[in-house]
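I open my notebook on a new structure. I want to see how its parts touch.

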Amino acid sequence: MDLDLSAAERFRAEVRQWLRAHVPATPLPSLETEEGFAAHRAWERELHAARLSVVSWPEEYGGRNATPLEWLVFEEEYYAAGAPGRVGQNGITLLAPTLFRYGTPEQLARVLPPMASGSQIWAQAWSEPGAGSDLASLRATATRVDGGWLLNGHKTWSSRAAFADRGFGPFRSDREAERHRGLTYLMFPLDAEGITRRPIGRLDGKPAFAELFFDDVFVPDRDVVGAPEEGWRVAMTTTGNERGLTLRSPGRFLAAADRLVELWREHGDPADSAMRDRVADAWIRARAYRLKGFETISRTDDIGAESSVNKVFWSELDVALHETALDLLGPDGELAGEWLEGYVFSLAGPIYAGTNEIQRDVIAERVLGLPRAGR
Amino acid sequence: MRFVLDAEQRLFAETLDKLLTEGSAAVVAREWAAGRPEPGLALWRSLAGAGVLALAVPESAGGAGPLPVELVTAFHEFGRHGVPGPYVETVAAAVMLGRLPESSPAAAWLPAIADGALVVSLALPPAVPYALDADVAGLVLSVDGEELRVAGCGEAHASLDPVRRLFSVTGVTAGEVIASDAAAAEAYDMGALVCAAQLVGLGRRLLEVSVDYARTRRQFGRPIGEFQAVRHHLADALVGLEYARPLVYGAALSHGTPDFARDVSAAKAAASEAAYAAARIALQVHGAIGYTDEYDLSLLIRKARALHSAWGSPADHRARVMSALA
């Protein structure tokens, strides 16, 4: 057992140097606004030009075949440098791994390069008004027609869909089948004929997500991911990535915890040991998440349902960390700023990617081995 | 970088698990609590025979250490089995004795520690004011600042955990001085580290037992593990323990670096909280049976509370983390 990171140190140095020269001196506007979205897209382009937008991907798609350790190191440097949030992350961390597993060579060659460069930003279109935690009850349909599928129905809470270019998600293609069967996983342009999108203001009013109405939207066969009717299995690959390490890397929380310690130095009352304990806890938990990440990439087996353990941990850490920051800021905590932006974002964490109640059920059944139950 | 136990380390853990299962550690703990230490001392000698105590003793003194990762691996198993005896204290003592010049007469105790012949207890105030199982120990030490002395076993104090038999030490100012510049800080760090490992193992066992119980105990015509209010508690216990463990191993790997004290404190704070949470959940999931003295689970529940604040409370350790950071 060791924690020898030297294999990634040269890469770390290169990344650090590049970021020092390129990270915008003043933060970009929120990526959940039209102006901010465009600025973040331009940043993705810049990252891509340095082959730093998707470091762990194969070179042919714009990556550099980085090892999992190098990826973790990249993320540490990225967030430590205060670099912008990743507007392309839903495509990069959720759809791409699904395509690496189920995509055809044609799909990989067509979809991945523009995803890597930020010229196509992807939105996840999963939830429906009647299918939130109970995703398998989804009702939007894909109907077979000559050469492809017609999509109909209503998706909602689709992150980034207000400004993104394309979407992906499961649709019901066989209405007779048992609910986990008969789903087909599809990709589609958000500006396709028949799609109406209505941005939704999140808690702070920014249009961070949208609902999508499908009215006979044609999607060609080449945009089915995996086999038709196998959509549930394909979707579960995405959730593993979503709940596991890749969506929320340790570097993000390490950097936030370090900033929190800095905030404590500036604003903390040394006599307030309760507050000091909360700051310490946030830092300790960020360190735990980092070490757990090293453990995860050291394992030779698939972490499987243990990704749910991860999701509960990071989402609760994110909220606690930002709550502590706002409390340290006192009356200024309610004012617009980086900490408030992070706080609002963190509040969604225990809900998206499967609520933490769903995660705890997954942990109970599939990690601890407790009996299956009606909810 | 490979941050998981290697094959040899895993085998070591399995060997200890087997030894402690066959040695019926729970029965031994009951005997120990009742003032009959012989089975516990026999277990002590077999664990020493398996090389556990040599891990804390330098090679020059007949040991194999210090090997913090292996020590942590062993103490994780001690925690899982609720092993009685002053193991943490003996390891901490070995750290201080191991730093003495080889010519020092006290250094001569080290080989006896390594082979299990000498059981040591110590007081290391303020965090460790009482000497655990001092009446059973062949050597009692006390630390005052950096002054290390031979002490005596004083008044007994009853602990919530009947297997932890605590004693005041005598001779704190009058006992024979062994060293005036003992490595007390390093000993404290190592003690807190292995105590943290013990806590994570203890929490694991509490969770395992509770999951088994929730699978089999039926109410309203079904296993209670089907109820979300019950199963979500158990899931939370797992989350806490899963993230305490890497902190403990991470701290073991920091041994010998300037971050050791900070990383040990991060580990001990998290392990204390995670094991204690597992204990509260274990009690709640078991209901009244878990609240009985007779049921062995209650020994583990009580130990989790005691160890929560032994070798530094979470608040002490968080304060150390912050003083290292800010």
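Which residues of α11(A) meet which residues of α8(B)? I looked this up, keeping in mind that the model is predicted. From α11(A) I noted R360(A), D361(A), I363(A), A364(A) and V367(A). Facing them in α8(B) are Q228(B), R231(B), H232(B), L234(B), A235(B) and L238(B). I sorted this contact by class and found six nonpolar, two polar and three charged residues.

Next I checked how the two helices pack. Two packed helices are described by an axis angle and an axis distance. For α11(A) and α8(B), the angle is about 80°. Their axes are 8 Å apart. An angle of 65 to 115 degrees counts as roughly perpendicular, so α11(A) and α8(B) are roughly perpendicular to each other. In chain B, helix α8 covers residues 228–253.

**Chain A against chain B**

I then widened the view to the whole contact between the chains. Chain A gives 41 residues and chain B gives 37 residues. Which elements of chain A give two or more residues to the side that touches chain B? I listed α7 (250–267), α8 (273–298), α9 (307–329) and α11 (356–367) of chain A. The largest share comes from α8(A), with 16 residues. By class, this side of chain A divides into 25 nonpolar, two polar and 14 charged residues.

**Inside chain B**

I turned to the domains of chain B. Domain 1 runs 7–179 and domain 2 runs 185–325. The C-alpha centres of these two domains of chain B lie 21 Å apart. Their contact takes 27 residues from domain 1 of chain B and 31 residues from domain 2 of chain B. On the domain 1 side, α2 (25–33), α4 (68–81) and α5 (87–98) of chain B each supply at least two residues. I marked α4(B) for the largest share of that side, 10 residues. The domain 1 side has 19 nonpolar, four polar and four charged residues.

**Inside chain A**

Last, I went through the domains of chain A. I wrote down domain 1 (6–87), domain 2 (122–230) and domain 3 (244–367). How many Å separate the centres of domain 1 of chain A and domain 2 of chain A? Taken over C-alpha atoms, the separation is 29 Å. The contact between these two domains of chain A takes six residues from domain 1 and six residues from domain 2.

Methods: Residues numbered from 1 in each chain as written. Chains lettered and ligands numbered in written order. Predicted model: local features only at pLDDT ≥ 70, side-chain atom pairs only at ≥ 80, totals over all residues. Contact = placed C-beta atoms within 7 Å. Helix = DSSP H or I, 4+ residues; strand = E, 2+ residues; numbered from the N terminus. Nonpolar A, V, L, I, M, F, W, Y, C, P; charged D, E, K, R; others polar. Axes fitted to C-alpha atoms, helices over the stretch in contact; angles between N-to-C directions. Parallel < 35°, antiparallel > 145°, perpendicular 65-115°, else oblique. Domains from an automatic or database assignment.
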